[in-house]
Amino acid sequence: NLSNGTSDAEAYSVSAMPNGESVYIAGYIFDPNTLLRTGILWEKNQVAAELGENSVAYSVSLKDDKAYVAGSKDNKARLWSYENGTVTPYILSINDNNNGFINSVFANEDAIYLAGLDLVNNKSKAVVWKRSGTTTTPTVLNTSDYYHEAKSVYVSGEDVYVCGYELINQQNKYNSKLWKNGELLLDLNSEGITNARALSVFVKE
């Protein structure tokens, strides 16, 4: 078990080193006294890091000896790096007034890629972030005012794939989408697949 059995907890994502020696899990524990969630990074079944009150960890990806954890804290899109017991936080919201969160993180040799949601001009936008070195570059994926959310990111070679969905308010229906390098690649609604949400993307090499 990942929790002590007295508090609600959820695990959202798992990532393992190729040799299987290190297995990291991202999620949260709910405190019934404060009614707040605390984002947690577990290493196997032990707490490796607590990410602070009013936080949640939705995704984890490993690169070299670091674990990259993505989620939100205080309603801001947030990335954390974890190495040898040390946690370093990064705020990714496009501006300080934004509410947002990260659903997915993908670490490769060149950069850290993240997919989620951020408020832009009070509109919920699907966003993909690229963090290379100390520079973070956000790309807004949709232009319409409908609610959009990016759920998953996968990098294959030089190509960055993101899937997610929009909520069409008038119809109260979801429309799944796939983006490649910031451009819409596939609109499943136009393919006859209606009221569906794309939650994960993977590219077969």
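I take Ala, Val, Leu, Ile, Met, Phe, Trp, Tyr, Cys and Pro as nonpolar, Asp, Glu, Lys and Arg as charged, and the others, Gly among them, as polar. The model I am reading is predicted.

**Entry 1, second largest pocket.** I applied those classes to the lining of the second largest pocket and got 7 nonpolar, 6 polar and 3 charged residues. The lining has 16 residues in total, and Tyr113, Val128, Lys130, Val160 and Asn181 lie nearest the centre. I noted a volume of about 250 Å³ for this pocket. Strand 11, strand 12 (135-140) and strand 14 each give two or more residues to the lining of the second largest pocket. Strand 11 gives the most, with 3 residues.

I then looked up the largest pocket, which holds about 440 Å³ of space. Of its 20 lining residues, five serines lie nearest the centre: Ser13, Ser59, Ser104, Ser152 and Ser200. Two or more lining residues come from each of strand 1, strand 5 (55-63), strand 9 (100-107) and strand 13. By class I have 12 nonpolar, 7 polar and 1 charged for this lining.

Which residues have the most contacts inside the largest nonpolar core? I found Leu141, Val153, Val160 and Val162, in a core of 20 residues. At least two core residues come from each of strand 10 (112-120), strand 11 (123-132), strand 13 (147-156), strand 14 (159-168) and strand 15 (173-180). A second, separate core has 13 residues, including Met17, Leu41, Ala57 and Val69. I went back to Val153 and listed its contacts, leaving out residues up to four places away in sequence. Among them are Ser104, Phe106, Tyr113, Val128, Val160, Val162 and Val201.

I placed Lys123 in strand 11. Is Lys123 buried or partly exposed? Its relative accessible area is 34%, so I put it down as partly exposed, since that class runs between 20% and 50%. Beyond its neighbours within four places in sequence, Lys123 is in contact with Asp118 and Asp145. I also looked up Ser144, which is 21 residues from Lys123 in sequence and 9.1 Å from it in space, C-alpha to C-alpha.

Strand 1 (residues 9-16) and strand 2 (residues 23-31) pair in the antiparallel sense, and I recorded 7 bridges. Ala9 has Ile29 of strand 2 as its bridge partner. There are 6 residues between the strands of this hairpin, and Gly20 takes a positive phi near 75°.

Key:
Residues are numbered from 1 along each chain as its sequence is written. This is a predicted model: local features need pLDDT of at least 70, side-chain atom pairs count only at pLDDT 80 or more; totals for chains, interfaces and linings use all residues. Side-chain values use heavy atoms; hydrogens and water are left out. A nonpolar core is a set of buried Ala, Val, Leu, Ile, Met, Phe, Trp, Tyr and Cys residues joined through side-chain atoms within 4.5 Å. Buried means under 20% relative accessible area, exposed over 50%, partly exposed in between (1.4 Å probe, protein chains only). Helices (H or I, at least four residues) and strands (E, at least two) are DSSP runs, numbered from the N terminus. Contact means heavy atoms within 4.5 Å. Two strands pair if DSSP finds at least two bridges between them. On a 1 Å grid over the protein atoms alone, a cavity is a set of points where a 1.4 Å probe fits but cannot get out, and a pocket is an open set with protein on both sides within 12 Å along at least five of seven lines; lining residues have an atom within 4 Å of a point. Grid points are joined across faces, edges and corners, and a volume is the space filled by probe spheres set on the points.
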